[in-house]
Amino acid sequence: MKKTPFVTLEQVRKIAQQYPTPFYLYDENGIRKNARALKKAFAWNAGYKEYFAVKATPNPYLLQILKEEGCGADCSSDTELMLANAVGLSGHDLMFSSNVTPKKDFQLAHALGAYLNFDDYNLIDFAARLFSMPDTVCLRFNPGGIFALENHIMDHPGEAKYGMTEAQIYRAVEKLLALGVKHFGLHAFLASNTTGDEYYPRLAEILFSLAVKVHKRTGAHIAFINLSGGIGVNYKPDEKPCNIERIGEGVRAVYERVLVPEKMDDVALYTELGRFMLAPYGALISKVLHEKDIYKHYVGLDACAANLMRPAMYGAYHHITVLGKEDQPCDHLYDVTGGLCENNDKFAIDRLLPKIRVGDYLFIHDAGAHGHSMGYNYNGKLRSAELLLEKDGSVKLIRRAETPEDYFATLDFSEFHDRLTTGNER
Ligand SMILES: *Cc1c(COP(=O)(O)O)cnc(C)c1O
């Protein structure tokens, strides 16, 4: 399937006159349409709710759009909770799925009335010393071993630091019942960026079966199952996008087979999707600064891995469109690089693209989740702006670009005769 940018070269040229590249651009129409499709796919479950994984794209304007579409927020730190709370999310619109949790984070999550999703058995005593337990809490399960679908290994839960063993789940429920907890949620996250439609139904089967066992063994009321994140996107043009309608129907079949016969048909389903909600609806847009021909052909951008870390970190594929050259043949082989002093700073290696010239704008696809949020400041590179392409086609600045003043803000230059010159003080 061909990947098509959601803006044209003309639009980007115009935007760049006001907001210099590199910048992230998000597509409001795409975000809303996708959020509605997800909601529809799970509409058969009366209590269904998506808690957007804030870490994927922590921007209040985007959280607000998702909130308007009925989503809550999944947070894993106090700052993420503050951000979600700033757009008016509190109480059971917040899921707190943390691990290695500091006191202050638990305290804020509790104060805001968020669902607490306990990653570990020992964290229960830790939290019980801080506050009295709420009526409803969630427990994170780790089945261990290898998680496989149709003989294909998806991931290795046995190697993952998250969640509790089955035996610990039972003990945790008993302990929490004794502490006055009335209702329980169960959660697991077993594979990331899954591309088939089988992941959620298989995970649902594991969690629903566990829910039945927990209920039978302890009498505890299971209020919800949290399927967490993990639905992927087709980063490569030859991959098929997930069919969310089929995924919803797949989960429904398991619900009817496992939960309904046990009269557990009041169990709400929650999701904590990040990537699926935003990745395709955000792009990193960057300009070609230089060309270089040595043993390979390089094009160097004004963005670097500090703006989008995934290719450097995991060798992740991000499709690239040279704006204005959508219909030209891809007959030139390039490494597309940034300017960090690290050789893994490459957005693409041996990529066939149209003939590129200095000044061309590149649209780096599917960067709307785990993109800007994973940015860093290595080599003194500054984080870029984030822009929203609104419903009516206008463009709104939703995060300004960092300045040198931001970069130096945590340093005190008074012992150096205040000799920092950023060029902006005159
Ligand atoms: C990262 C994360 C998510 C979101 O994952 P995606 O792959 O972006 O869907 C959801 N829940 C938890 C606990 C996470 O750590």
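Reader: Buried means under 20% relative accessible area, exposed over 50%, partly exposed in between (1.4 Å probe, protein chains only). Is Glu-69 buried or exposed?

Author: Glu-69 is buried, at a relative accessible area of 8%. The model is predicted: local features need pLDDT of at least 70, side-chain atom pairs count only at pLDDT 80 or more, and totals for chains, interfaces and linings use all residues. Residues are numbered from 1 along each chain as its sequence is written, and side-chain values use heavy atoms, leaving out hydrogens and water.

Reader: Which residue forms a salt bridge with Glu-69?

Author: Arg-36, with the closest N and O atoms 2.8 Å apart. A salt bridge puts a side-chain nitrogen of Lys or Arg within 4 Å of a carboxyl oxygen of Asp or Glu.

Reader: What does the pair tie together?

Author: Glu-69 is in the loop between helix 3 (60–68) and strand 3 (72–75), and Arg-36 is in helix 2, so the pair joins parts 33 residues apart in sequence. Helices (H or I, at least four residues) and strands (E, at least two) are DSSP runs, numbered from the N terminus. Arg-36 is partly exposed, at 49%.

Reader: Which residues are linked in that network of salt bridges?

Author: Glu-28, Arg-32, Arg-36, Glu-68 and Glu-69. Glu-28 and Arg-32 are among the buried residues of helix 2.

Reader: New topic. Where do Arg-252 and Glu-256 lie?

Author: Both are in helix 9, four residues apart, about one turn of the helix. Arg-252 is partly exposed at 30%, and Glu-256 is partly exposed at 44%.
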